[in-house]
Amino acid sequence: MSSSTAFPGQSPLAETAPLSLCAREPHVPADRLVAEMVPPPRFDSVRFDTYVPDPNQPSQSEAVTVLAGFAAGLGGAHATGSGRRKWFGNKKPAAPAAPRGVYLDGGYGVGKTHLLASLWHATPAEPSLKAFGTFVELTNLVGALGFQQTVRTLSGHRLLCIDEFELDDPGDTVLVSSLLSRLVEAGVALAATSNTLPGKLGEGRFAAADFLREIQGLSAHFRPLRIDGEDYRHRGLPEAPPPYSDEQVTRAAYATPGASLDDFPGLLDHLAKVHPSRYGALTDELGAVCLTGVTAVPDQSTALRLVVLADRLYDREVPVLASGLPFDRLFSDEMLNGGYRKKYFRAISRLTALARDAKGLVAQ
């Protein structure tokens, strides 16, 4: 189709053809990974006072109070230094320190990322002394910099925020346990969000009992803070729009500046060739993502890659317009009942929200 083609009854399409995610193979240097460890665009302006607690869920209001106090407590000197050195001169051993971290546990859509980003913004420290990233982005940073350099890079920070904390394999368990232990020893405060209590990490994914020491060590760094509630993205909102036709999606892609247009199975194949650490760069400067022929995801590895892409699109507020199956039929019943079910439900929730955002792209 040429860039000047018009559909019947429509005005000529945009002069520039849509982009293609499948044509992108971004390279992300390590210094960009470090520089981008800040709240994503969707959460640039969130604060504790912009969080709207559900009046029927008192744990949500309690979380705001606890986290605001936690942020205020990080305003002093870094936890390392003279104060720590004095402990070694005491005749009596110091009492065990309380966990120097908070762990927000709750279902998808209760506002955990909003609260985590609000904590980052409220912590009285320069942005260069605070880091914010997903669990996947943290492990990718270690892969890019190496373990020792990651420890050196983050040890001077006041706060490390880890969103979507999950352990998907034994290697991640050992790696993250060692990394966070080193950072806590250096005086870095921790905050994390997850759909799984810290003592239950890895459950249903691998033989977690074989790595109980590491999991218990991770759990010891955090004070769990439960946040109850229903998915705010569907609270009082209409159902997501049904999928559109291939023609409607294509027309919208040509008419929307900065839109991409890809066949869904082809995109899934392309994701297997791009490291998940680059999915954020894959979506740089996109005005919308348009997908034709959405089908059920064929296997778990593909499904987990799609989850990461959905997270990056949601963070960047990129609307998604699609034809084919609706997003709540992407994953099989076996997947939705397995160890990664919370990830899949989060992806469905976020893609549904982005599909709702895309309604205005379709000509009425």
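User: What does buried mean, and which residues of helix α9 are buried?

Analyst: Buried means under 20% relative accessible area, exposed over 50%, and partly exposed in between, with a 1.4 Å probe and protein chains only. The model is predicted, so local features need pLDDT of at least 70 and side-chain atom pairs count only at pLDDT 80 or more, while totals for chains, interfaces and linings use all residues. Residues are numbered from 1 along each chain as its sequence is written, and side-chain values use heavy atoms, leaving out hydrogens and water. Helices (H or I, at least four residues) and strands (E, at least two) are DSSP runs numbered from the N terminus. In α9 (residues 246–255), V249, T250, R251, A252, A253 and Y254 are buried.

User: What covers the buried residues of α9?

Analyst: The cover includes β6 (259–263), β7 (288–294) and β8 (320–324).

User: Is H270 buried or exposed, and what is in contact with H270?

Analyst: Contact means heavy atoms within 4.5 Å. H270, in helix α10 (residues 264–271), is buried, with a relative accessible area of 5%. Leaving aside neighbours within four places in sequence, its contacts are L21, C22, R24, E25 and L282.

User: How are two packed helices described?

Analyst: The description uses the angle between their axes and the distance between the axes. For α2 (58–72) and α4 (residues 112–122), the angle is about 30° and the axes are 9 Å apart. Angles under 35 degrees count as roughly parallel, and α2 and α4 are therefore roughly parallel to each other. In their contact, A63, V64, L67, F70 and A71 of α2 meet L115, L119 and A122 of α4.

Note on methods. Axes fitted to C-alpha atoms, helices over the stretch in contact; angles between N-to-C directions. Parallel < 35°, antiparallel > 145°, perpendicular 65-115°, else oblique.
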